[in-house]
Amino acid sequence: MANTDNLTGVRNLGLAIADPFIASTAPKTAQILEVTGQGEVNVATTLTAVELGIKVQGKTATEVQEQVAQRSTAVVYVLQKLGAQELQTTSIQLNPVYSYENSTQTLTGFEGLNTLQFELPTVQSGAAIDKAIQAGANVIQNISFTASDEVLQQARLQVLSEAVKDAKAQAQAVFSTLQLTPGQIIDIDINSDDNPRPSPLVSNLTADRVSAAASTTPIIGSPQTIEASVSLDIGYSPNSAGTLASAADNLIGVRNPGVAIADPLIGSTTQILEVTGKGEVSVATTLTEVQLGIKVEAKTASAVQEQVAQRSTAVVDVLQKLGAQELQTTSIQLNPVYTFENGTQTLTCFEGVNTLQFELPTVQSGAAIDKAIQAGANVIQNISFTASDEVLQQARLQVLSEAVKDAKAQAQAVFSTLQLTPGQIIDIDINSDDNPRPSSLVSNLITDRVSTTPIIGGSQTIKASVSLDIGYSPISGVILDLPLNGLQQIA
């Protein structure tokens, strides 16, 4: 068995680092395992950036600009009173509007749009949006969340540690399967996510806010994800106990089914077999992620926003009582709706859409969807399944071992047929599937749950491949006939 204490021992979780006094006298190995570990950390966000607009149509440019100016002034005044930070105008637009009839273009009016952006603590952002709309805003363009700089910096350091742990676990799986002894860490490369993207909108309305402010749009920021990867080049050497005399024993012997590792004293070989093994593991999913929406149309922007806020509050309250996790609103939209008749554009109403996302154990997700719809949701956008983080991590390590076994089996078939003596494993490359895709929906109705939407999660597939470069030499005294080219290789 390979010495993996350096990788898995309770007292020393680090990769094996050779003693500098021993390293100076021991022969250096050229064999290297290249492994990349992935890290991901979610941190709570506390700040919300909102971009909203004031859109106006009128007969003249002066009329439009005057209305936009008045309403923008009112919106800015409200936001300043609320203590909005980073308040700025991101765009000012004024454009003519034309109608087209009988291939003739006719100027019918003008359209103006002022876009404002501001930042507030997330707990205040819902009320700020509602009051800005009451003051004259009628377009919501973008909402995103971020954590503070201090929290993000701490997360960057934590995610690097997670990436190193992942690389160590992968190396352990490969070294253990191949019965190799890990050596020095020869090279380390860090690839961190320096600019984590702001998180989409998350809603998590607390019970005391439901009764106190039922008409306020419920908004609480979702976690922000920070990612990093760390690549390690790890030297290794074979275990002396893993060296066997004959090619047949090395490949198919009952006592040691692993690929043979030549004794270092025999010397290195120049011939190389390149082989890639593939592994695939399917795991049962237990969690369901659901994305649904509340869609409303009304004559005014204020009426739309009020209805959306009320229904969103009701849906969030239901989902919270059901224990929904990762509850978030992935978008809040408010836009004017136009009709086009006889080449003329006419504002007819406004449309608002709030999109909520949540996660629950799959056995509870059907009932949760039904109750959310009863509370006011009227759009189902997406449903996907995933296994837990712990199950996925175990599967990633298992699939690496399966890939190594596949590479060994392929090498065994080739070496045995060609009567070659396998030597040292010169190089190892790992290509793992770091982000397995969620599984699609599978439905399987159970008779006693006819009144509840039946949802059963499928399996999730994790894949990986491992490439080995294995040195070899022919068995002494064996003549290999190659009739295709008339040549003979004499060992």
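Modeller: Strands here are DSSP runs of E, at least two residues in length, numbered from the N terminus. Keep in mind, too, that this is a predicted model.

Biologist: Why does Ala228 count as buried?

Modeller: Buried means under 20% relative accessible area. Ala228 has 4% relative accessibility, so Ala228 counts as buried.

Biologist: What makes Glu351 and Lys295 a salt bridge?

Modeller: The rule asks for a side-chain nitrogen of Lys or Arg within 4 Å of a carboxyl oxygen of Asp or Glu. In this pair the closest N and O atoms are 4.0 Å apart, and the two residues form a salt bridge. Glu351 belongs to strand β11 (residues 344-361) and Lys295 to strand β9 (residues 287-298), so the pair ties together parts that are 56 residues apart in sequence.

Biologist: Why are these two residues called partly exposed?

Modeller: That label is for values between the 20% and 50% limits. Glu351 has a relative accessible area of 24%, so it is partly exposed. Lys295, at 39%, therefore counts as partly exposed as well.

Biologist: How many salt bridges does the rule give?

Modeller: The count comes to two. Lys321 and Asp317 also meet in one, at 3.5 Å from N to O. These residues are four apart, about one turn of the helix, and both lie in helix α8 (residues 301-321). With a relative accessible area of 69%, Lys321 is exposed, because the limit for that word is over 50%.

Biologist: On to the rings. How many aromatic pairs are there?

Modeller: There are two aromatic pairs. One of them is Phe175 with Tyr236, a tilted pair.

Biologist: What makes the pair of Phe175 and Tyr236 tilted?

Modeller: The centres are 5.9 Å apart and the planes make an angle of 55°. Rings pair if their centres lie within 6.5 Å; planes under 30 degrees apart are stacked and those over 60 are edge-to-face, so the rest are tilted. An angle of 55° falls in that remaining group, so this pair is tilted. Phe175 lies in helix α5 (residues 149-178) and Tyr236 in strand β7, so the pair ties together parts that are 61 residues apart in sequence. Phe175 is buried with a relative accessible area of 0%, and Tyr236 is buried with 1%.

Biologist: And what are the values for Phe415 and Tyr472?

Modeller: Phe415 and Tyr472 form a tilted pair, 5.8 Å centre to centre with 55° between the planes. This pair links distant parts of the chain: Phe415 is in helix α10 and Tyr472 in strand β16 (residues 459-474), 57 residues apart. Phe415 has 1% relative accessibility, so Phe415 counts as buried.

Biologist: Which residues gather in the patch of negative charge on the surface?

Modeller: The patch brings together Glu40, Glu227, Asp389 and Glu390. Asp389 lies in helix α10, residues 389-418.

Biologist: How do you know that Asp389 is exposed?

Modeller: Exposed means over 50%, and Asp389 has 62% relative accessibility, so Asp389 counts as exposed.

Definitions and conventions
Residues numbered from 1 in each chain as written. Predicted model: local features only at pLDDT ≥ 70, side-chain atom pairs only at ≥ 80, totals over all residues. Heavy atoms only, no water. Patch = residues over 30% accessible without salt bridge, like charges linked within 9 Å, V, L, I, M, F, W, Y side chains within 5 Å. Areas by Shrake-Rupley, 256 points an atom, 1.4 Å probe, with all protein chains shown as cover. Lys, Arg positive; Asp, Glu negative; His and termini not counted. Charge placed at Lys NZ, Arg CZ, Asp CG, Glu CD. Buried < 20%, exposed > 50% of the residue type's maximum accessible area, 1.4 Å probe, protein only. Phe/Tyr/Trp six-rings, centres within 6.5 Å; stacked < 30°, edge-to-face > 60°.
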